[in-house]
Amino acid sequence: MRGKVISLVWGKAGGLRFPYPLACHLLDTAAFAGELWDALLTGRQRHRIADAFGVEVSAARGMVALWAGLHDIGKCCPSFQGQVSGPCPEFLESSAFAAPAGWMHEGAIRHERVSHLTVPSLLARFGYGLSGRPGRVVAHQVGQILGGHHGVYGPMLERRTMSDPCVAEPRVGTAAGWLEQRDALADLLFMACGRPAAPSRVAPAGVAVMVTGLVVLADWLASRTRWVLARQGEWRAAGEADWLGHFDRAVQAAPKAVSAAQLAVPAWRSAAAFDDVFPQIADPYPLQRDVAQRLPGLVGGAGMVLVTAPTGDGKTECGLFAARVLGVAAGCPGLAVLLPTMATTDAMWERVRAYVARNALEDTPVTLLHGLAWLNDAYGGDGGDLPVEDGCVATTTDVFLRQRHLGLMSAAAVGTWDQAAMAALPVRFNALRWLGLSGKTLIIDEAHAYDAYGHALTIRLLEWLGHLKVPVVLLSATLSGALAKRLVNAYRAGAGHTEPSDRAPAYPGWLFADADSGEVTASRTIESTRARKLTVDMISARHGHDPADPHGRLRRLSAQLAPLYEAAEDPGAVLVVCNTVPDAQTTFLTLEQRAGTRRPRVLLLHARMPVWQREEITCTLLNLLGPKAMRPKQPLIVVTTQIAEQSLDLDFDLVISDLAPLAQLLQRAGRGHRHILGTRGSRPSWAAQPRLVVLAPAGTLPPRAWGTVYDASLLRRTHGVLANLAGRPIDVPGDVAHMIETVYADLNERADQALPDDYERARREAAQSAAADAVAIPAPGDVTDLYPLTDREIDPAAVTTRLGADAARILPVYTTPDGSRYLDRHRTTPLPIPAPGQERLDRETVAALIRLTIQAPSTYLPADDTDTRTPPEWRTTPAASELRILPHPLDSNGAASAYRTATHTLRLDERLGLVRERHTR
């Protein structure tokens, strides 16, 4: 080692009595990187990194550890060492550590930028070449990786800067002391990491991103206060010259710390057959049997499995079995299951947690990933495991993996689709998402459930997953053949197979696309034990809410519901699905007021209710109509909106729906005759067979009141397909694929049949896809510079994975004439403010606030009204500060008024949820 490392060059100071030497932190991070290489990375990930950089696997560990150690070498610069809030060490007074002179050098430079600037020339001393274009120089790629350890990559350097950063950017520190210390620190790390050989080539973008994630994770582990305090105590006790001794102590301590953080590769029980994975399923469905018998013989590595089948054919178990087969073959044993909504995600988390408990060999955390996961009592509390039978393992997730950005590091994760889709956006720390995804097999459920914008992001996500050879399983009940081909070919293109395949899955059926060969193998059409005849009655109804209109929607609906209001008829349960919240609210009130010889129970559920109310009503419905519930004795009507399509595992005797695109109608119909009742009750005589009643608005589609909820072309095409049935029931699943293709046909395939609304849909979908392409990261094959993969100006909390999904979480508040604010109209609970001496609201208070909130478009509340802003005391409480206030003025008698804007009024009704009424002209 050419120079002596100075311990006064500090790396950590916050929360410490004494500054922590920079060398210690760099050595700690290198030690953690080595341990993560052993414990967190799969063998496949290690080989992929080694092969990408052209080194042996045995040498790659030290190489990556060296890079991780160098991540903060940029802290050895005048800006960082001399910052006002730091310890300001005495050596800064020496001319050897002078800062560059001149006003143009007075501004601070970020230390990660200094790392990016200085690492290439530092690596040159270890055999890394600097000749050539920066994008083709390994030393520059490593510099860019390390410059991205705060979540954002810096722009590519120019050749001169790469070779001599001091000339291009004097703020890195050009005096002899800075140069000598950076050299000494690099030499120390090089020696500690075993003098690893230099790589021979630049790695593909996916591998570079994976390594970035590993560096970030190692840095975070080495930066925890508890770790620093422990190592600092040992350092001071051992004597401040023994740097390699410190490294040895860090290496010895790192395994326990990594294990405590639950960072490990999962180990699964052997599963050669379907009943090894699901011993509780004595008689698998035909789809499950076919996948179990044929898939293992096709899989030799990574690939994509696509399963299309109607609800009830066991797709979830097919997906988990396929993931197990793919994970073993591809060396990706981790598991991630992604779904479209928080409600479906919560339910799936329970199922996956039970699956992991039965099939894992060791304790395996299962994270729950969505914006309100912390409100889930089973997950967000202290995290005790549910009672499990003998032979099962624990699935509790501890504190470390619950932190932001880290959920996908868990061995198993269940989250909303956007948790993975965010990786395809240039957001800060997306490298951590890619590191987590790269060791897993992904299951994406309800793959059809997104608009063109969401599908375009899914396409980009699949390209990168194919590029990284990450196995993927897609599940769908209503996926068109054209979209299925695009998804499969996106994955194949990422894996290097640019010639598209024309194979589409049978329905019901599945296909497998091999990532290595690009070959696509499709199953035959598989019989369904849940085959049925679905009667569809399409009834023309003038849209509106006049109960006196004989051709109006309410009269038509009332006629269909007549048996529930007659005491002489069998009781039953009917689902009424409305396309808008106002329609649902008005329908609910009308049905409640309707007279008859008996009074059915009428419940309302929609997305614009407070969180607590939605949870309470959902729980009530599961107790009444869930998979294990006895059929209710009292007739029941449930009025709801689109949330019924995916988030409710409920069984109704009859489904009535407003006209919607065919895929949504089939999903809604799937809530009818969904379960086998057995001894739990029987169907009413008036609903002995599955039946869907569709209320089709008369006149132009869609009616004005629906706005842009659904596309006019899809509504017209769906109407036409249903009209052509001419009373013939739908054969489910036999007729489904043809009907889906008819409605969702690509415009290029049926241009001769296209109408103006079809062209408008094509234009709008093209615009949505273009919008997604504009915000997404580049396709992996187009990346020669890591800079476009992140954007410092993008706030991850503000970016959306869905076009037009600019939603706000609204908190209703009641204001008295004297300005006091309460959370209830009875003024029993004041709006909370942090206690004296506290900077933030406590977790329990924030949770209580969130349960009172309603999710609605942010445009409902004007941005410039100070009355809708949260108290300034909430500014440092993350979840609370993001809320919007919906004020309800109270008069002297305690009566609440609606909040009035220029275009509408808003109020929270105790039964109806958020009510929005437009001003009439």
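I take a residue as buried when its relative accessible area is under 20%. The model I am looking at is a predicted one.

**Helix H29**

I looked up H29, residues 843-851, and listed its buried residues: Val846, Ala847, Leu849 and Ile850. Viewed down the axis of H29, these buried residues fall within an arc of 160°, so they line one face of the helix. I noted the general rule that an α-helix has 3.6 residues a turn, so residues three or four places apart point the same way. Next I asked what covers the buried residues of H29. The cover includes helix H24 (611-625), strand S18 (807-815) and helix H30 (878-881). At the start of H29 I found a side-chain oxygen of Asp842 within 3.1 Å of the backbone nitrogen of Glu844.

**Helices H25 and H27**

I then turned to H25 (residues 662-669) and H27 (residues 736-744). Their axes are 9 Å apart, and the two helices pack at an angle of about 145°. From H25, the residues in the contact are Leu662, Ala663, Gln664 and Leu666. They meet Val736, Met739, Ile740, Val743 and Tyr744 of H27. Sorted by class, this contact has eight nonpolar residues, one polar and no charged ones.

For H27 I also listed the buried residues, which are Val736, Met739, Ile740, Thr742, Val743 and Tyr744. These pack against H25, helix H26 (712-723), strand S17 (730-732) and H28.

**Arg668**

I stayed in H25 for Arg668. Is Arg668 buried or exposed? Its relative accessible area is 0%, and the cut-off for buried is under 20%, so Arg668 counts as buried. Leaving out residues up to four places away in sequence, I found Arg668 touching Val577, Asn579, Gln642, Glu645, Val655, Ser657, Asp658, Ala660 and Tyr710. With Asp658 I recorded a polar contact: the side chain of Arg668 reaches the backbone oxygen of Asp658 at 3.5 Å. I also checked Asp502, which is 166 residues from Arg668 along the chain. The C-alpha atoms of the two are separated by 30 Å.

**Nonpolar cores**

I asked which residues have the most contacts inside the largest nonpolar core. They are Leu217, Leu263 and Trp434, in a core of 147 residues. Helix H10 (residues 205-222) gives this core its largest share, 13 residues. I followed Trp434 and, not counting residues up to four places away in sequence, found it touching Val209, Ala423, Ala424, Leu461, Trp464, Leu465, Leu468 and Ile777. A second, separate core has 68 residues, including Val577, Val639, Met739 and Ile740. I had already met Met739 and Ile740 among the buried residues of H27, and Val577 as a contact of Arg668.

**Two loop residues**

I placed Thr816 in the loop between S18 and strand S19 (821-822). Thr816 counts as buried, because its relative accessibility is 9%. Its side chain makes a polar contact of 2.3 Å with the side chain of Asp818. Setting aside neighbours within four places in sequence, I found Thr816 in contact with Tyr822, Arg827 and Leu890.

I placed Asp782 in the loop between helix H28 (756-775) and S18. Asp782 counts as exposed, because its relative accessibility is 60% and the cut-off is over 50%. I compared its position with that of Ala205, 577 residues away along the chain. The C-alpha atoms of Asp782 and Ala205 are separated by 9.1 Å.

Terms used: Residues numbered from 1 in each chain as written. Predicted model: local features only at pLDDT ≥ 70, side-chain atom pairs only at ≥ 80, totals over all residues. Heavy atoms only, no water. Buried < 20%, exposed > 50% of the residue type's maximum accessible area, 1.4 Å probe, protein only. Helix = DSSP H or I, 4+ residues; strand = E, 2+ residues; numbered from the N terminus. Arc of directions from axis to C-beta. Contact = heavy atoms within 4.5 Å. Polar contact = N/O pair within 3.5 Å; in protein donor to acceptor, adjacent residues only side chain to side chain. Axes fitted to C-alpha atoms, helices over the stretch in contact; angles between N-to-C directions. Nonpolar A, V, L, I, M, F, W, Y, C, P; charged D, E, K, R; others polar. Core = buried A, V, L, I, M, F, W, Y, C linked by side-chain atoms within 4.5 Å.
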